Amino acid sequence: MKLSEKLAKAFDKQINAEMWSSNLYLSMALYFQKEGMDGFAHWMKKQAEEEMEHAHKMIDYAIDRGADVNIAQIDAVPTTWENPIAAFENVYNHECKVSAMIDDMMNIAEADKDHATRDFLFWFVREQVEEESTAKKILDDLNRYGECHIAIVDHELGKR
Ligand code: FEO
């Protein structure tokens with residue numbers, strides 16, 4: 001059974017959002033690199049790769065379901081942040097927004113009674129719990145330890 005028109009559009013939108021997320025994190029990686037925080041930069045590059053994998057996972061599924069996937073223009077991403085805390089606040093807030101977008105897709109799939117898509121999207125629902133929690137933990141660590149312990153967090157993130 002082919003994806004409904006509404007779901008196909010939702011997939012296009014989400015694929016664009018995942019690619020935008022990938023660019024956001026790549027931009028953060030470059031910011032951290034410029035600031036000499038290689039551990040943070042490494043973590044962000046991995047995150048950027050993961051977001052591109054999310055986009056491809058969605059592309060493959062939508063094509064399997066007979067949708068005509070359209071890759072639209074990707075908006076520009078920010079290029080600088082005030083400090084690591086501001087960057088991770090951005091990450092956490094962005095991931096909460098992505099979670100809400102996935103929930104919106106799930107609502108459309110439920111209205112369509114498209115059980116295959118619901119099943120597919122549950123992976124993303126679980127992934128978002130992890131993404132939010134990871135970003136929150138790093139943000140909490142940064143707030144707790146402050147600027148003077150930034151090198152410790154940088155070292156930890158470099159292990160990803
Ligand atoms: Fe693909 Fe971080 O959401």
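Contact here means heavy atoms within 4.5 Å. Keep that cut-off in mind for the whole tour.

This is a predicted model, where local features need pLDDT of at least 70, side-chain atom pairs count only at pLDDT 80 or more, and totals for chains, interfaces and linings use all residues. Residues are numbered from 1 along each chain as its sequence is written, and side-chain values use heavy atoms, with hydrogens and water left out.

**Stop 1: Gln-14**

Select Gln-14 in helix α1. Helices (H or I, at least four residues) and strands (E, at least two) are DSSP runs, numbered from the N terminus. Is Gln-14 buried or exposed? Gln-14 is buried, at 2% relative accessibility. The scale is this: buried is under 20% relative accessible area, exposed is over 50%, and partly exposed lies in between (1.4 Å probe, protein chains only). Now show what surrounds Gln-14. Setting aside neighbours within four places in sequence, Gln-14 is in contact with Met-58, Val-98, Met-101, Ile-102 and Met-105.

**Stop 2: Ser-21**

Stay in α1, which covers residues 5-34, and select Ser-21. Ser-21 is buried, with a relative accessible area of 1%. Which side chain makes a polar contact with the side chain of Ser-21? The partner is His-94, at 2.8 Å. A polar contact is a pair of N or O atoms within 3.5 Å; within protein, one must be able to donate a hydrogen and the other to accept it, and residues adjacent in sequence count only if both atoms are side-chain atoms. Not counting residues up to four places away in sequence, Ser-21 touches Glu-51, His-94 and Val-98.

**Stop 3: helix against helix**

Show α1 and α2 together. Their axes are 8 Å apart, and the packing angle is about 165 degrees. That makes the two helices roughly antiparallel. Axes are lines fitted to C-alpha atoms, for helices over the stretch in contact, and angles run from 0 to 180 degrees between N-to-C directions. Angles under 35 degrees count as roughly parallel, over 145 as roughly antiparallel, 65 to 115 as roughly perpendicular and the rest as oblique.

α2 and α4 pack at about 170 degrees, with axes 12 Å apart. This pair is therefore roughly antiparallel too. Colour the residues that make the contact: on α2 they include Phe-40, Trp-43 and Tyr-61, and on α4 they include Phe-120, Trp-123 and Leu-142.

**Stop 4: salt bridges**

Side chains of opposite charge can pair when their charged atoms come close. A salt bridge is a side-chain nitrogen of Lys or Arg within 4 Å of a carboxyl oxygen of Asp or Glu. How many salt bridges does this rule give? The count is seven.

Select Glu-50 and Arg-160. Their closest N and O atoms are 3.2 Å apart. Glu-50 is partly exposed at 22%, and Arg-160 is partly exposed at 32%.

Move to Asp-140 and Lys-136, a salt bridge with closest N and O atoms 3.1 Å apart. Both lie in helix α4 (residues 115-145), four residues apart, about one turn of the helix. Asp-140 is partly exposed at 27%, as is Lys-136 at 33%.

Finish at Lys-159, which forms a salt bridge with Glu-156 at 3.1 Å between the closest N and O atoms. Lys-159 is exposed at 56%, whereas Glu-156 is partly exposed at 43%.
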